[in-house]
Amino acid sequence: MPKVSVIVPNYNHAAFLGQRIDSILSQSYHDFELIILDDCSTDNSKEVILSYKDHPKISHIVINDRNSGGPFYQWERGINLAKGDYVWVAESDDWCEPSLLQELVEGIEKDEDCVISYCQMLYVLNENEIKWQSSHHQLSEIIDSENFIKDYLAIKVAIYNASMAIFKRSAFKNLSKDFTSFKLSGDRLFWIQIAQQGKTHISGKVLNYFRKHDKDVSSKAYSSGINFIEELRVIDYMHSSNLIDNKLHSLAIKRQLKNYWKVKNKIDPENNKIIKSLFLNLKPNKFQLIKFLPSAIWGALKNDK
């Protein structure tokens, strides 16, 4: 059996698929299988994928005859096909350094209680423009479950995209299926529920390239406001599961409200109603949240039509 199962879920990323797949096949760590999934793409993704069909590392190619309706259904399908001890969901529009898998496998195997290992990434616009990069203060560090969730997933999410991380396949068996119903924030819920089960290894090395472009899933979700609805659901999950206290809960909501306030006039009207209702009916933390917010914003939220 392979040690790592690499899953590439694709939808209309034909322009990036060759670079993505080649960066996997050129890894210095060789003990892996490659599973490629296509969610009924309308570009020439199928032709690109099938050009790799005879490569010995590829164990499955699955091409849907209808779209699944959400990116995380493809994650679930790929993980269910996986045989490795560890899983790497390598997004189809990203690419990486040849040493990524070696670094992450060595990291997760430093402690038998580790369930996640991730590195740092460069956020790249299209092909070549570096917008920013993630960082960590140590080259290698292992953090316990409670502190990792509080410090790295509660307010901001340190695992910016799936391509920078691997996880123990056995931990997936204990997850709820709720993440599959999300359009955008399912990965945050996914990492929280994995992290609940053990420690996380963080590598400070920059080994992943996270590509931003006009065809990615997040662009449409952000313009619709779905991201705020889903993020509030995730924050409520952390609080109701006692993973974060009232103060962290309030800080997380404050961040969402400030971000929402900047773009609220551009959001789909029906989703706007849902988002406002969610903010105005926060329980049990509404009054503590008010202490963290300018009164003008809270009043405007209540009175805004």
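## Overall picture

Helices (H or I, at least four residues) and strands (E, at least two) are DSSP runs here, numbered from the N terminus. On that basis the protein has 13 helices and 10 strands. This is a predicted model, where local features need pLDDT of at least 70 and side-chain atom pairs count only at pLDDT 80 or more, while totals for chains, interfaces and linings use all residues. Residues are numbered from 1 along each chain as its sequence is written, and side-chain values use heavy atoms, with hydrogens and water left out.

Of the 305 residues, 54% count as buried (under 20% relative accessible area, with exposed over 50% and partly exposed in between; 1.4 Å probe, protein chains only). Take the contacts (heavy atoms within 4.5 Å) between residues at least 6 apart in sequence: 81% of them join residues at least 24 apart.

## Around Glu 103

Glu 103 sits in helix H4, residues 100-108, and is buried, with a relative accessible area of 13%. Leaving aside residues up to four places away in sequence, Glu 103 touches Leu 139, His 201, Ser 203, Lys 205 and Leu 207. Lys 205 is 102 residues from Glu 103 along the chain, yet their C-alpha atoms are separated by 8.6 Å.

## Strands E8 and E10

E8 (residues 140-143) runs antiparallel to E10 (residues 199-212), and 4 bridges join them; two strands pair if DSSP finds at least two bridges between them.
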